[in-house]
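This report describes selected local features of one protein model. Please view the sequence and the structure before reading on.

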Amino acid sequence: MSEGSQSKQETQASDSQKGVYDRNLLLLVPELVYSTGNVFEHWQLDPRVPESEKEELANRKVVQSFLARFMKSRSDNVLRGLSPGDAQAIKIERAIRPIATLEYGGKKNGMKLYLGAQYAYFAARYLGEKPTRNIDELLDLIEREKENRKEFNKDLFPGNQAVPSEIENPELAPNHPLVQKVNTVDHVGSLGQGASQTKRKPLTEKVLSKFTKHMPQKVIQTKSKILNYSTMFIAGFLVSAAFASVLWHHEMDSQLKELEERWRNEGPSSLEKSDYISLQKNTSPDLVYKMLWKGAYDPKMDTEKIQPFFDHLVAFPEPIWQARANQGMAIAFLNRGEFENAFHHLTLAEEFLIDTKYASDLRRVYLSMAHCLFYSQDAESMLEMITKAENLDVNTSESRISFFKALYFFLVGDPGTATVHADKSLHISLAEGAKSQTAYYHATLALLCVSDNKLEDAYRHLRLAQEYAVETKDRALLFQLQGYEMLWAERMGLPPVALEEGSSKGLLKNSVIQRRSFIELAREHF
């Protein structure tokens with residue numbers, strides 16, 4: 001496929017997703033090396049970036065989170081239109097390799113550095129424009145700049161005045177303040193070469209670059225201004241409205257909490273107690289959220305059928321509904337094994353929830369991120385998300401924190417410590433009377449005990465999990481247990497347990513992925 005004729009998948013993103021970030025990546029100096037922080041600084045200082053867009057680009061965390069995933073997400077769009085092993089696909093894979101990597105926290109695999117030309121190439125293709133350089137010219141530039149790496153320096157924009165001529169004509173003078181030699185030990189940029197290090201202070205931020213197809217722009221909230229406070233009538237009205245809003249949100253949150261508690265106690269059978277609704281303009285957001293949440297766990301619903309509930313809910317101006325819309329859609333994707341899409345929506349939900357009173361929602365977001373990262377086997381990032389969740393000053397989802405700690409230690413090869421945390425999650429859920437969660441914790445303990453060669457304990461947990469699964473009509477858990485029982489019999493030296501054919505039919509895809517992943521991990525510890 002030629003670079004001037006992008007595939008449908010490559011250009012089908014909405015205008016809001018395409019806009020500010022990708023357009024402004026075209027402003028980067030092609031020959032310069034940028035960290036994600038450098039790009040943020042360039043955008044804030046470059047007078048060519050409109051002031052209205054600088055405001056949207058002012059959140060460093062959001063910008064750097066987007067940029068950390070940019071190469072992977074944008075190159076995926078390009079590669080979808082190519083066959084694996086195709087010569088063009090191989091070139092694209094080379095073009096997304098960082099030219100250097102900054103060490104941070106004592107680890108070599110840290111912040112990736114890219115040429116401005118690399119960012120601009122994939123931004124142009126995503127926007128449906130023809131890149132200034134074709135792929136061969138880009139690869140040639142990367143080769144030339146490996147030994148002559150020049151890092152962006154914010155002194156390029158003294159006083160944030162006019163655009164320096166070197167940007168308009170990027171043949172940079174070696175002594176220009178823009179040019180700052182990158183002091184690296186080794187470099188990356190071609191196949192087979194290792195990660196580089198830089199002799200600079202370690203970075204403190206953690207870059208999660210495993211996930212998300214697209215990182216859309218931060219939603220611009222409309223800020224209404226009350227211009228007249230002159231009368232007591234208006235003041236009284238505002239106070240009354242605010243008080244009513246508090247009461248309404250309290251009632252709404254109670255209803256949502258009740259819905260989630262039913263799921264924790266009753267499992268899939270709780271979904272049968274409400275029907276889907278036809279969306280109307282005046283449909284309340286709490287009801288839409290219930291339908292989105294129900295659809296996320298309903299194996300009969302695909303994401304296309306769930307999407308209208310998301311679209312309706314995300315249109316409400318309150319940040320909490322935009323957060324919950326993204327959170328609900330993330331769970332829908334996660335349950336269907338689409339972990340990149342799930343992580344994408346979780347990242348958006350996080351942005352709406354930070355520094356708000358909805359710490360319980362934020363904790364659930366971080367734990368869902370940890371869930372996604374478990375399947376990519378990114379233990380370090382998974383632990384970071386668990387720690388973020390644990391550090392929030394709320395007392396919700398305590399059993400799930402212990403559960404994901406168990407999965408973390410299982411992932412890093414310590415089934416003994418994993419069992420301690422899984423046992424804690426079980427005791428919390430038993431105290432709360434959460435039958436559905438208790439069932440899954442018994443199942444996880446059974447698997448961990450098999451992995452740790454505690455086969456009598458494993459058998460006890462298998463039987464208890466099975467009793468709960470039958471009571472809550474949880475076919476997905478029964479499917480998990482069938483695989484774990486097979487593994488237990490194998491460990492006991494018993495005849496193989498025949499797996500029931502078609503037992504996964506009608507289940508969410510993640511049920512199959514989870515059983516396979518857990519069993520493979522357990523076998524690694526034998």
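Predicted model: local features only at pLDDT ≥ 70, side-chain atom pairs only at ≥ 80, totals over all residues.

**Cavity**

Two cavities of 30 Å³ or more are present in the structure. The second largest cavity has a volume of about 40 Å³. Its lining is made up of Phe403, Tyr440, Ala443, Thr444, Leu477, Gln480, Tyr484, Gln514 and Phe518. At least two lining residues come from each of helix 20 (435–451), helix 22 (475–492) and helix 23 (509–524). Sorted by class, this lining contains six nonpolar and three polar residues, and no charged ones.

**Arg324**

Arg324 belongs to helix 14, which spans residues 319–335. Its relative accessibility is 5%, so Arg324 counts as buried, the cut-off being under 20%. The side chain of Arg324 forms a polar contact of 2.9 Å with the side chain of Asp361.

**Loop residues with positive phi**

Gln377 is not a glycine, yet has a positive phi. Ser397, likewise a residue other than glycine, has a positive phi. The table gives the values for each.

| Residue | Phi | Loop | Relative accessibility |
|---|---|---|---|
| Gln377 | about 60° | between helix 16 (359–375) and helix 17 (379–391) | 55% |

Which of the two classes, buried or exposed, applies to Gln377? Gln377 counts as exposed because its relative accessibility is 55%, and exposed means over 50%.

Definitions and conventions
Residues numbered from 1 in each chain as written. Heavy atoms only, no water. 1 Å grid on protein atoms, 1.4 Å probe; cavity = no way out; pocket = protein on both sides within 12 Å on 5 of 7 lines; lining within 4 Å. Points joined across faces, edges and corners; volume = space filled by probe spheres on them. Helix = DSSP H or I, 4+ residues; strand = E, 2+ residues; numbered from the N terminus. Nonpolar A, V, L, I, M, F, W, Y, C, P; charged D, E, K, R; others polar. Buried < 20%, exposed > 50% of the residue type's maximum accessible area, 1.4 Å probe, protein only. Polar contact = N/O pair within 3.5 Å; in protein donor to acceptor, adjacent residues only side chain to side chain.
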